[in-house]
Amino acid sequence: MSMAEGAVTSLANLSPEAAGRAVAMGVEGVRDLVECVTAYAPLFHTPVCDEAMLTTTALAPAVMSPWLPHEKLRTTSRTTLWALRVDWEIDYAADSYEHVMAVVHRCMTAVEEGHCAPNDRLAGFLVDLRARLAASSAFPQLGSAWSQALRRGLEAMAREWKWRTAQSASKRGARLPTLEQYLDNADSVLVVFLALSHWISTDEPGLIQNIDVLMAAAYEVQRAARLVNDFATCDRDRAWKDLNALLLPGVTQDDVARRLGHLHAHCAELLQPLIDTGIRQAVYLDRFLKFMTHFHTVTDAYAITTTEPER
């Protein structure tokens, strides 16, 4: 059975009641994100922040954790929206490495000090997210891991910016990463940061007791998500002169597919024992990867285009 056929079968087995509830929670999520975008305008006046992005960002958490009420998913969807915006800021808006590192510094200062410049909407949004998470009883134990995951993600984005710039400039002697180095830098997709944000904000039972295994699984899911995205965006990344595992020197599509298969298997190995005992954080990670895999067979969070955006 092909992936597309499997997706159709899964949808056919989804009850109308479950589908209706997930969509309803997504609708409530979109309304919240519209308020958020309005509050932080003009931060989201970018070429890729459209109605489709807001809908996807709101609906995805409802599908990944369908047992939760929409109020519990607001921080997850808002954090995802922020992650998409900071990705755009570093990947496409930044015109120098100094610009990139200034973004990293502003964001980490906001997290560590709890405030930022009044006109810094990107960091201000992050301050608000941290305040939401700090209200959770899980934050005292996991807040440090959350900020560390953010730092790792931002620094990985900065490293990727240097790789991409060297590639697009065709600098003599420029060294692009190997596939394993590229995957070691998968923090740039912020999956672990997003998972911790979701787990802390929802604060469901079993989180602290299982955090070591959950974190190990989250890092594997992050690597897998990096490759899933790369398969979906290869044409766009080629046109935008962006990094992509499939475009690395000496790396074939079979190499990437084989590595992704191993990652899927390892994720299942780590997660299944927790899923079998009802640990919902593990169910979330499993559903996250499956959702992303099937979502990217059809479309992308960004409006897909083969025209490089203005920087």
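Let me begin with R132, which is partly exposed, with a relative accessible area of 32%; partly exposed lies between buried, under 20% relative accessible area, and exposed, over 50%, computed with a 1.4 Å probe on protein chains only. The model is a predicted one, in which local features need pLDDT of at least 70 and side-chain atom pairs count only at pLDDT 80 or more, while totals for chains, interfaces and linings use all residues. Residues are numbered from 1 along each chain as its sequence is written, and side-chain values use heavy atoms, with hydrogens and water left out.

What does R132 meet in a salt bridge? Its partner is D128, at 3.2 Å, N to O; a salt bridge here requires a side-chain nitrogen of Lys or Arg within 4 Å of a carboxyl oxygen of Asp or Glu. Both residues lie in helix 6, 4 residues apart, about one turn of the helix. Helices are DSSP runs of H or I with at least four residues, numbered from the N terminus. An α-helix has 3.6 residues a turn, so residues three or four places apart point the same way.

D128 also forms a salt bridge with R78, at 3.9 Å, N to O. This pair links distant parts of the chain, with D128 in helix 6 (residues 121-134) and R78 in helix 4, 50 residues apart. D128 counts as partly exposed at 24% relative accessibility, whereas R78 is buried at 8%. Salt bridges that share partners join D32, R78, D128 and R132 into one network.

The whole structure has 19 salt bridges. Another of them pairs E112 with R151, at 2.6 Å, N to O. E112 lies in helix 5 (residues 97-113) and R151 in helix 7 (residues 139-169), so this pair ties together parts 39 residues apart in sequence. E112 is exposed, with a relative accessible area of 52%, and R151 is partly exposed at 31%.

Finally, helix 3 (residues 51-64) has buried residues including M53, L54 and M64. Its buried residues pack against helix 2 (16-39), helix 4 (70-93) and helix 12 (280-295), where contact means heavy atoms within 4.5 Å.

Notes. Helix = DSSP H or I, 4+ residues; strand = E, 2+ residues; numbered from the N terminus.
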